[in-house]
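Reader: Hi! I'm new to reading protein structures, could you walk me through one?
Author: Happy to, let's look at it together.
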Amino acid sequence: MISRVSLLRRSDPAAPAVHVWGAEFEDCAMACELAGAPVVRLDSGGFFAEFGGVVKEHIVSGRFRVAHEVMGWDVVGLRELGRSLFKPSVVDQEEDTYSRDPSWGTEDVEEGYDRDLAAIISECARRMLLAMADDVLSMAAWRVFDKQRGILTARYGLGAPEDYGEVQTVLSEMGVEGQDRERLRQLWIASQAWW
């Protein structure tokens, strides 16, 4: 899997990227393409493109029911890297191994879930402090965290979606702020491989 950024960066070297999603993202993407502007459709739905010229006109015109986020190409690069590294191996967080275990989903939530989750968060914070100098290691540490959370929720039979607040708790335990915190947050998003 290779980065798709080179398909887009054509007209304005200073133009940022834009991530577009919403009910009419496909109509918006087609309008951009018909006007000669390339877009890259995402596995998650939506697309990304260079935010300038006709793309910007279509997105902000109000003709399409879409939402958008303007971002730097460095963020797009991180998301593309996460996609190439983890997309083939991302699995359902309710691990199959646990779903075949007769005790799966029977543990007393009141007794241990909060304690076990706090331990996973602290372990991730320690791991991230060691890994944070390297983008790939940081994404791998986030994948381990998400896998551990998935196993924990499966063990207790919660089937709960991953909570973004827990990611914020990890970052707070690490004591990171400003650009470091934002970079690590973006790396967590990139590690999801949904891009």
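Author: Let's begin with two helices that touch: V75, L78, R79, G82, R83 and F86 in α3 are in contact with Q186, L187, I189, A190 and S191 in α8. Keep in mind that this is a predicted model.

Reader: Where do W142 and F145 lie?
Author: Both are in helix α6 (residues 135-155), three residues apart, which is about one turn of the helix. An α-helix has 3.6 residues a turn, so residues three or four places apart point the same way.

Reader: Are W142 and F145 buried or exposed?
Author: Both W142 and F145 are buried.

Reader: What about Y164 and W188, how are their rings placed?
Author: Their ring centres are 5.5 Å apart and the planes are at 35 degrees, so this pair is tilted. Y164 belongs to helix α7 (residues 164-174) and W188 to helix α8 (residues 178-191), so the pair ties together parts that are 24 residues apart in sequence.

Reader: Which of those counts as buried?
Author: W188 counts as buried, at 10% relative accessibility. Y164 is partly exposed, with a relative accessible area of 30%. The cut-off for buried is under 20%.

Reader: Can we switch to α2? Which residues are buried there?
Author: In α2 (residues 53-60), the buried ones are V55, H58 and I59. Looking down the axis of α2, its buried residues fall within an arc of 95 degrees, so they line one face of the helix.

Reader: Nice! And what is on the other side of α2?
Author: G53, E57 and V60 are exposed on that side.

Reader: What covers the buried residues of α2?
Author: The cover includes strands β1 (17-21), β3 (47-50) and β4 (67-71), along with helix α1 (25-34).

Reader: Last one: what happens just after α2?
Author: There, G62 takes a positive phi of about 85 degrees.

Methods
Residues are numbered from 1 along each chain as its sequence is written. This is a predicted model: local features need pLDDT of at least 70, side-chain atom pairs count only at pLDDT 80 or more; totals for chains, interfaces and linings use all residues. Side-chain values use heavy atoms; hydrogens and water are left out. Buried means under 20% relative accessible area, exposed over 50%, partly exposed in between (1.4 Å probe, protein chains only). Helices (H or I, at least four residues) and strands (E, at least two) are DSSP runs, numbered from the N terminus. The arc is that of the directions from the helix axis to the C-beta atoms. Contact means heavy atoms within 4.5 Å. Rings of Phe, Tyr and Trp (its six-membered ring) pair if their centres lie within 6.5 Å; planes under 30 degrees apart count as stacked, over 60 as edge-to-face and the rest as tilted.
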